[in-house]
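This briefing is for a reader who is new to the structure shown below. Please look through the sequence and the model first, then read the points by topic.

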Amino acid sequence: MNAGAMQPGSDAAAEQGQDQDPGKAAGRVTAAVLADLASGRHRGVVVDSPPGAGKSTLVVRAAAEIAGRGDRLMIVAQTNNQVDDLLLRLAEEHPGLVLGRLSAADYRPGEELAATPVQIAGKAADLDGCEIVVSTAAKWALVDDRRWAWAIVDEAYQMRSDALLLVARLFDRALFVGDPGQLDPFATVDAAQWHGLTYDPSQSAVAVLRRHNPDLPVHRLPVSWRLPATAAPLVSEAFYPFTPFRSGTGRRDRALGFEPGRKCDPYDQVVDIAAESGWGMLELPSGFTLPSDDETVRTVAELAARVLARRGTAVSERGENALDAARIAVGVSHREQRSRVEAALVRLNGEIPGARDIVVDTANRLQGREFDVTVFLHPLSGRRDATAFHLETGRLCVLASRHRHACLVVARAGIPELLDAHPSAEPVHLGLPVSFPDGWEANQAVLGTLADNRVQL
Amino acid sequence: MSAVTALGRLRAAATGYAQPAATVRHRHLSDRPLVFVPYAMAGEAFAPLAALIGDDPDAPHLFVVPQPRDRQRRFAHVAELARILVPYLTEHLSSTETVERRNDEAYERALDAPQVIVPSRGGIEYLHLLGRSTRFRRTEGEYAVHPDVPLMGRWCTYLADRARMPGSSVLLALTDLLTQTWSTGQSDLENGELAALMGWVDPERGRTGAETARDAEGAPPAGPATAPEFDEKLAPLIAAYDTAERAENSRAAARAEERIRDLLGVELMPTWHRVWRGLELMRELPPGASVAGRWETDRMSYSLFAADLDSPDSRPQPRIPGAVAAAQQLSRREQAQSRLDTEQLRDDPLLMAEARLSGQAFRGRVAAVEADRMVTEPGKKQARPRPLLVVRTTDEPLLLRETELECVERPKARAKLIAVADGPDGTREVRIELTGGMGRGKTPEEGSIPEEGELLCWTVAASGFRGGPKWPSPEETPWTHGGPPEPRKELQEGEVRQPDEEELAAAEEPWV
Amino acid sequence: MGTTDTRLDLLRGSLPTRNHNARTVAALAANPGCARRGVMDAAGIDKTVLAARLGQATAYGQSPFAIVRGHAFEALVKADGGAGLRELLHDVLGVPPEAVADGEYAELGGELPEDAEQDKKRPGREERVARTRSALRRALEDARPGLCAILDHPLLPLDVSGTRAYLEPDAMACLIAGRLHVVEIKSFSVIDGGADPAKLASAARQAAVYVLALQQTMAELGHPPDVVSTDVVLVCPKDFSNQPTAALLDIRKELAVTRRRLARLARVDDLLAPLPAGLSFDLGEEAAPQAVADAVAAVPAAYIPGCLSTCELAYFCRAEARACQSGHGPGGLAGTLGTAIRGELGGIDDIGRALDLADGKCAPERGEEEIARVLRRAEALRREVLDDVAARRSAGLAGAVAAS
């Protein structure tokens, strides 16, 4: 959760207005962003985007506009997958643009990207003919002797400021886009020594950018097109308390239907509750366990497999689709949990074909991804002591905001008691902006909603 | 923490004796370290009170400041310390070797480097403050100090900064060395106090470590903070000294100073002995295989710092690093940390046991070898040797397909994980494909393929050492990070560098 | 059973009481899961005295040098009617110097030793509370541009689980636009813009208690709570000098934590319910430490190493936790080794039992299969490695002997 990023900005407040139509409200912000980019008055423009608020759409649109004016544009993404995704969308929506991908020597494009006219090269000089060049921050850092009029920095809240320092010499002006509510970047060594410096290298790129350039316009996309009406208010209140957003769809625009459950056990019950309310919690008896706890892991896998076995249908403004394995994801906190849930799903595959294809990943790697239904293992489940890692607001936010229809949670009972007994003795640093919301408060808000949609096992 | 480490601590608590936490020593130990046991006055930002220092366990130098609030006495104390420290820190500079560098000029690297040992982490912070409060001092004009004072300040700053570099050994806290090596039956907080920690590691005859540690809880603290009860005893002596000074009664002042000196000496000596005893225990362990390599990096850093001190353009380390410098520091430390993690894991089977327990490594005998297997990889024209091995293990690897592996016993070998299947008797059979370490030829080099029956430990390959990124110069600091700092003045030939504004401000700070 | 108050009175007996102050209220957050501490605090028992009766007298003193320096620095900051403080406020709050240059400097009580007897010459606590209120009222009514009242040693009441605690901030400034800032004067140094994170955290927690109390007082005076700024002004010596410097501390998080803790303190009934009727910690000054220990042991503790720096009973609780056994070997409770280790042990608290599981000497209960499996595996790996190393060392040693 990003420090200093979530203060209400005057621009954002003005744009928020009280538009009844979410499409219009979102459109107005996009227009304001594009106008700021075109005005030439600002060296940088920041856009905060809550989960599923159309960040990629904005990036693609802004990219086309900048390139359309004849300005050379570089796009900085954080991972190779993000680079590929962006290029695919750009190639599809703007087939006229000459696109380039700057890559490491051993990079092999996937089939889809290989089928596009995107030029791929290991040296920037080989892409001089491209209107837009996309690459990862790490690869951009190695580029020399080139300069671009504009850059778009994607997932800028997940980028560390030292990575921005390495690429900022390549562009004159930039659009920074990202989600301030997700997991903050981290350092693998103690970084306390630099906390309080305005250019603290362990802070996010946006945090440092804004401390040095407090006058940059900050826009906020006001509508989540991903999160359903059942989820947006909770996610907004719990994780974005100073910058609220809403759902782009109403309760009637989305529906999740399942074939009737044959077993009528707690698994079926909680699936039915989630289909109705958008949230469901399957609660195991309280107890302290290891993160790899077999019973919890099996329960998570079985619940995800059950969602699949119930052959759901998701209806939304995009139409109707079957809830197949690719539309279901399991979120966990630790890699070991991921391995074990994967193994459990493979075992269930005989009984429930397709179970092994359900996506399982840690919160860090689920950032930016979207599914119809998600099942997550609560980070605090079965823990004896809460730690900063398990309490981190961004982790819970990622896990609770990946779904278009419903989110199911598996946890051992006892989390409220754990939160109550948690000592609060975080160190304080002068000059380091306090990050909000507090993990404790965010957890309580989410637990409150889950408690109303709970089935005990 | 993993269950392997946890068990060591549980066993220590249950038996009353410390248990091994490492099977090798992971830090370099000098043949002749310099031990430094400082005390500071409570309540002050930084006021040296006393120090034991020296490289001979039987002959420590005791320096005492009878009135730590007196600026003159403070600088006199620092100059005294410098007389011991500076020669020790610079004596290794005379024997060097010439080292060629790839993208840089060759340089002279000292064959050995100094090593300062403090009792606990507070000692490192003490050196940091000692450096900060002295390196900007002026040696001429008003408030001039001895030329050794700012020089030592820069050395202390170097040591304290270097101590933050993971794996470095030029400045070490003994408590860190001991806790890395032994598990005790007490908490990290309690381990931070040397006396109790040494109680566990080196119990008194006829008593358990737990008992010795408990008894030691009333012992004089290892500093730099003093015990409040001790301060109660010290306060009247300092008051007596002040009175004598005010009365200009030099004999009384000398007597008072002597009493302060005696009291502090008695309080500091137990720690002095414990530090040397702790070093003795550490020496009994063999060093890890990669320790010498990391010490070489220390020697390089030491030599380069000393060379910079000599250059006419040299300036004291800044109070606050600039944007580029801060980012570089973080990046270098992260690289050092990842190198350290990898090397320690390879060096120490007990650490590797943790990785095996968590499924990130496995150890077992080679059950089958398909040595002449050739594979043409996508995008390549020629088939390359890709021998298949089956490793049978009682470990439970939790590794994804295609994970790149390396081997502890055969450091050159590289492999890729193909599959994990159940083997006989509850074992697991891991199929791996050798991908590297076989030479460049069309056929693998003699002896480069493990044989059936070999006992090998495989772990996730460390991402190779990458050259650091190209950082902008401070003058190129981009607008996103506040833009370039004020430009520095270019030095003309023969011109003596003048301190900049920041340095002047620091030099004029009252130290009262 | 009696009411909560009579039960608490009985628990305390004639033990000296100790009212909450900002430090103790702030410390509530240190180990909120501890029932023993909860009961002691609710009963207002002076834990130092109780620790002495338990034979576990602890040195919780402060160095005389630190005390002297602290007083000297505070006096320096407040000298000349707070002239220096006004200068700092202008700096740190970014207001023009003339906005803070003037205004009342109200000295509201001076030092009052903790739990001092009522002294005729000195104002009593309630009198000081009343003075503080009227000074606040005056300052706020008078608030106009260019006026900044400084209230020195105000006394603020705060309701802590039904008892009235008295808090004494170092200073309060009443500022332009009627906003109140708590000023905390600390004698630790700010060097190159940074200070000890642990000391800052402790200052922030204390300041949060003052802000909360001030908000309550303002509410009673009919002002909205946000009249009180959550940016606290921290005044510390700069670098190696005595010269004061000021910084703003954003204490919104600490304030939320303090509110939460106080709201949960009200659950003292739940803590009292399981205790034996007639339980009292006051067994007289001559009572055998063991008898006192038995009485204290009736209330469960949740000892963790952090208690050593925040609770006077910590050494007693540590000894108790170390001696705890459940029919397995010695070792005590795993929490004595820190909280991180408990994460490796699932729900197993007893060190002896964890080792028996690791050694295969006892069977896991339902729900413990996983941790037992991990512990057995970890033990096997430890043995394998340590035996291997020992064998290699003795082989190496034998080789060395043969060679010589």
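What percentage of the 512 residues of chain B count as buried? The share is 53%, where buried means under 20% relative accessible area, exposed means over 50% and partly exposed lies in between, with a 1.4 Å probe and protein chains only. This is a predicted model, in which local features need pLDDT of at least 70, side-chain atom pairs count only at pLDDT 80 or more, and totals for chains, interfaces and linings use all residues. Residues are numbered from 1 along each chain as its sequence is written, chains are lettered from A and ligands numbered from 1 in the order in which they are written, and side-chain values use heavy atoms, with hydrogens and water left out.

**Confidence in chain A**

- Chain A has a mean pLDDT of 91, pLDDT being the predictor's confidence in each residue, from 0 to 100.
- In chain A, 96% of the residues reach 70 or more.
- Residues 3-17 of chain A stay under 50 in pLDDT; the model gives them 37 contacts beyond four places in sequence, a contact being heavy atoms within 4.5 Å.

**Chain B overall**

- Chain B holds 14 helices and 17 strands; these are DSSP runs numbered from the N terminus, helices being H or I with at least four residues and strands E with at least two.
- The C-alpha trace of chain B spans about 95 × 70 × 45 Å along its principal axes.
- Of the contacts in chain B with a separation of 6 or more, 71% are between residues 24 or more positions apart.

**Backbone details**

- In chain B, Gly223(B) and Pro224(B) are joined by a cis peptide bond, with omega about 0°. Pro224(B) sits in the loop between helix 8 (209-215) and helix 9 (228-246).
- Glu402(B), which is not a glycine, has a positive phi near 75°. Its place is the loop between strand 13 (388-393) and strand 14 (404-407) of chain B.
- Asp239(C) is also not a glycine and has a positive phi of about 45°. Asp239(C) is in the loop between strand 7 (231-237) and strand 8 (244-250) of chain C, and it is buried, with a relative accessible area of 3%.

**Contact between chains C and B**

- Chain C brings 52 residues to the contact and chain B brings 57.
- About 4,600 Å² is buried between the two chains, and carbon and sulfur atoms give 62% of that area. Buried area is the accessible area (1.4 Å probe) that two parts lose on being put together, summed over both.
- Phe65(C), Phe240(C) and Arg382(C) supply 20% of the area that chain C buries against chain B, more than any other three residues.
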